[in-house]
Amino acid sequence: MKYSYVAVGAALLSQAVAFPAIAQEAATKMAARAAEDGSLKTKVKRFLMPNPGFDAATQYVSNQGAHKFVPPGPGDQRGPCPGLNAMANHNYLPHNGVATIQQFVDGTNFVFGMGIDLAAFLAVYGAVMDGDLTSWSIGGPTPGLLSSVGLLGTPQGISGSHNKYEGDASPTRGDLYQVGNDYLLQMSQFQDLYNRQASQTEATSNYDLQILTDMRYERQQQSVANNPNFFYGPFTGIAVTPAAYTFIYRFMANKSSEYPEGRLSKSVLKSFFSITGPDNNLKYTPGWEKIPDNWYTRHRAQHPEFLNVGGNTGTTNSFTGVDVSSLTGGVYNAQTLLQGNNLMCFAFQAAQQGAPDLLKGVFADTTAALSKLSGAVASATSGLGCPQLAAIDAAQFSKYPGYVKSKN
């Protein structure tokens, strides 16, 4: 089924996965007000996400036959997203790792139960920032496979999208300017995640949202303490980084009648992150992410530091926040950012406002790229009642070497 750009909708809002703590806080406030304002009832229902139920026939995702595992070969792209890597290895995306917007939308919806609205926004954003406006690579550059639309060079794919699509403080990938790449799993980070259920057996293990939220807090503190170029941007920080954690549980957990929201066991976690071996001898094989056997997808139907846009200023433990009011010309401030849908509005609008600067070295003429992204953002924010943000003062980021480096 093809989607229209109108279907991008209220992308992150409808999923309520990228901002779990904020979504819960918003849901509580909205529920309290629902009795007074009947118009809020639909919004409350979307945030609270009642038990979705379980239907084995429709939620089963095959890893057999046409979708049996085939490892990447020479020239096949694999990158920082384990879910996309697994999809390519099982022919739910083209095996070479380069896919169109429509293929990303259809694939992520079928395999992970991602809403069409969120899938469409992320696919369009990837095509604009990391591709040729119609397609993009889940790994690095793929010369000759993408069209020429006034590009100044070869599209870099999401492996080359630091501070555009991918950011620091990832759960399993290292900070680019600290370890030298942002796409290979760092075994020490995976081991940290895996060990958080060390006392549990395969049958009782579950890497749930609380475990992942705790790890996210610690990873952010690690980056501040060890990466002098750490940068936490308005979009990559507030939207993408939390999604990197919540997606692990929301999308990878195996659903069942007993666990309709899913249980993420040790074996399922290892399979999706290309890890093999016993607990005392784990091994990582880059690019070999797999959809587990007997795996069922989603039903297709807490820390304030997470909100601090900013970064280290050239030395470790020098994290300095941006004044949101100065950044947005007074449209938002620290208080209003948490009101209503403002946080999600800000993340989307920041992505749009920052795009011209980020795309200068990518396209000879950025008009078409910016138009496509603007349409996606407009659709994504159309029902959120966002304040009008005319511009973002990107000069506020000049003090952060992690941001400056990503532009060069």
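Cys81 has a relative accessibility of 29% in this predicted model, and because that value falls between the cut-offs of 20% and 50%, Cys81 counts as partly exposed. A search of the whole structure finds one disulfide, and the cysteines joined in it are Cys345 and Cys386. The points below begin with that bond and then turn to helices, aromatic rings, strands and backbone angles.

**The disulfide**

- A disulfide is a covalent bond between the sulfur atoms of two cysteines.
- In the bond between Cys345 and Cys386, the distance from S to S is 1.9 Å, and the torsion about the S-S bond is about -80 degrees, so the disulfide is left-handed.
- The bond links distant parts of the chain, since Cys345 belongs to helix 14 (residues 342-359) while Cys386 lies in the loop between helix 15 (367-381) and helix 16 (401-407), and the two are 41 residues apart.
- Cys345 counts as buried at 0% relative accessibility, and Cys386, with a relative accessible area of 15%, is buried as well.

- Among the buried residues of helix 5 are Pro82, Leu84, Met87 and Asn89.
- The elements that cover these buried residues include helix 6, strand 3, helix 11 (236-252) and helix 12 (266-272).
- Helix 5 is followed by Asn91, whose phi is positive, near 65 degrees.

**Helix 11**

- Helix 11, which is one of the elements covering helix 5, is itself mostly covered, with 16 of its 17 residues buried.
- The axis of helix 11 is not straight throughout, for there is a kink of about 40 degrees centred on Thr246.

**Aromatic rings**

- The count of aromatic pairs in the structure comes to 22.
- In one of these pairs, the rings of Phe54 and Tyr296 have their centres 5.4 Å apart and their planes at 70 degrees, and because planes over 60 degrees apart count as edge-to-face, this pair is edge-to-face.
- Phe54 lies in the loop between helix 3 (41-48) and helix 4 (56-59), whereas Tyr296 lies in strand 7 (residues 295-296), so the pair ties together parts that are 242 residues apart in sequence.
- Phe54 counts as partly exposed, at 27% relative accessibility.
- Phe104 and Trp136 form an aromatic pair that is stacked, with 3.9 Å from centre to centre and 15 degrees between the planes.
- Phe112, Phe247, Phe251, Phe272 and Trp295 form one aromatic cluster.

**Charges over rings**

- The charged end of Lys290 sits over the ring of Phe69, at 4.6 Å from the centre of that ring.
- The charged end of Lys405 sits over the ring of Tyr177, at 5.5 Å from the centre of that ring.

**An open sheet**

- Strands of a sheet pair through backbone hydrogen bonds, either parallel or antiparallel.
- Here three strands form an open sheet in the order 4-8-9, and their pairing is antiparallel.
- The edge strands are strand 4 (231-232) and strand 9 (320-321), each of which pairs on one side only.
- Strand 8 (residues 310-311) is joined to strand 9 by two bridges, and Gly310 stands opposite Gly321 in strand 9.

**Positive phi angles**

- Most residues other than glycine have a negative phi.
- Leu133 has a positive phi, near 85 degrees, although this residue is not a glycine, and its place is in the loop between helix 7 (116-130) and strand 3.
- Asn317 is not a glycine either, and its phi is positive at about 55 degrees; Asn317 is found in the loop between strand 8 and strand 9.

Terms used. Residues are numbered from 1 along each chain as its sequence is written. This is a predicted model: local features need pLDDT of at least 70, side-chain atom pairs count only at pLDDT 80 or more; totals for chains, interfaces and linings use all residues. Side-chain values use heavy atoms; hydrogens and water are left out. Two strands pair if DSSP finds at least two bridges between them. Helices (H or I, at least four residues) and strands (E, at least two) are DSSP runs, numbered from the N terminus. Rings of Phe, Tyr and Trp (its six-membered ring) pair if their centres lie within 6.5 Å; planes under 30 degrees apart count as stacked, over 60 as edge-to-face and the rest as tilted. Buried means under 20% relative accessible area, exposed over 50%, partly exposed in between (1.4 Å probe, protein chains only). A charge sits over a ring if NZ of Lys or CZ of Arg is within 6 Å of the ring centre and within 35 degrees of the ring normal. Contact means heavy atoms within 4.5 Å. A disulfide is a pair of cysteine sulfur atoms within 2.5 Å. The bend at a residue is the angle between axes fitted to the seven residues ending there and the seven starting there.
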